[in-house]
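Here's a quick briefing on a fold and its ring contacts. Have a look at the model first.

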Amino acid sequence: MRKTSLHLIALLAVAAPLAMAQPHRAPTPKSPRLYIFDCGTINATDASGYRLQKEEVATPKMSMECFLIAHPKGNLMWDVGAIPDSSFPPGGSPGTLRNAVTTRTLTSQLAEAGYAPADINYLALSHFHWDHVGNANLFAGATWLTPKAERDVMFADPPSPRTEPANFSALKNSKTVFLTQDEYDVFGDGTVVIRAAPGHSPGHQVLYLKLAKTGLVVLSGDLYHYAEERKLNRLPTSEYNV
């Protein structure tokens, strides 16, 4: 009896920390919920490529966000930063790519919210540029929602210098839905709608959300980069189609 009790105590001692280590799982929301993750900063030194002078902008630096939309019918990732989680150096040092830096992995931020990459049902990107596709390979098991024009430019040969093909290479074999209309209602209830907004890239798109508390929200991708673009009516010099 004493030996059995000791074995039981030993098993409990092992099981307790294992149970504590299990990540918490987010419950299915009753209405669409938007999570915004910090995916770093682009340390731009000037905004001249956007036809803006130094004295016309508050700062040339740009923030990078990654978005999770949790819906009662599934989960959608929208834009996934610049720097792949897999490229972070050991020891917790910041991840870097080109002129971008981030201190936290997307995976760790998802986990804090109660999600893992395997929980994502759909992936959609505003466009193919390097600072929006960094962690796309994490979601290769999801259904990719994309205009064909955008997929074509992503896998062009030679690749565009405006992207990092290795960071989305796994999408080539992903289940893919080509968006052929100006609007695509992801969950069929009008709360999460992808809308075509080409120009910055061949198939640039924006995401329209209808949230219970916040109301209407548009995740605009690179439809605009700086607030001053709208205020001063300036257009960047390097658009695919001005």
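Predicted model: local features only at pLDDT ≥ 70, side-chain atom pairs only at ≥ 80, totals over all residues.

Residues are numbered from 1 along each chain as its sequence is written, and side-chain values use heavy atoms, with hydrogens and water left out.

- Strand 1 (residues 33-42) and strand 5 (residues 100-102) are antiparallel over 2 bridges, with Ala-100 as the bridge partner of Ile-42.

**Around strand 7**

- Strand 6 (residues 122-124) pairs with strand 7 in the parallel sense over 3 bridges, and Tyr-122 has Thr-143 as its bridge partner.
- Strand 8 (residues 176-178) also runs parallel to strand 7, joined by 3 bridges, and Thr-146 stands opposite Phe-178.
- Thr-143 and Leu-145 point one way from strand 7 (residues 143-146), Trp-144 and Thr-146 point the other way, and all are buried (under 20% relative accessible area; exposed is over 50%, partly exposed in between; 1.4 Å probe, protein chains only).
- Strand 7, helix 3 (residues 148-154) and strand 8 make up a right-handed β-α-β unit, meaning that, with the strands pointing away from the viewer, the path from the first strand over the helix to the second runs clockwise.

**Aromatic pairs**

- There are 6 aromatic pairs in the structure; Phe, Tyr and Trp rings (six-membered ring for Trp) pair with centres within 6.5 Å, and planes under 30 degrees apart are stacked, over 60 edge-to-face and the rest tilted.
- Trp-144 and Phe-155 are edge-to-face because their ring centres are 6.5 Å apart and their planes are at 75 degrees.
- That pair links distant parts of the chain, with Trp-144 in strand 7 and Phe-155 in the loop between helix 3 and strand 8, 11 residues apart.
- Phe-155 also pairs edge-to-face with Phe-168, at 5.5 Å centre to centre and 85 degrees between the planes.
- Phe-155 is partly exposed at 22% relative accessibility, while Phe-168 is buried at 0%.
- One aromatic cluster is formed by Tyr-35, Phe-37 and Tyr-115.

Conventions. Helix = DSSP H or I, 4+ residues; strand = E, 2+ residues; numbered from the N terminus. Pairing = 2+ DSSP bridges.
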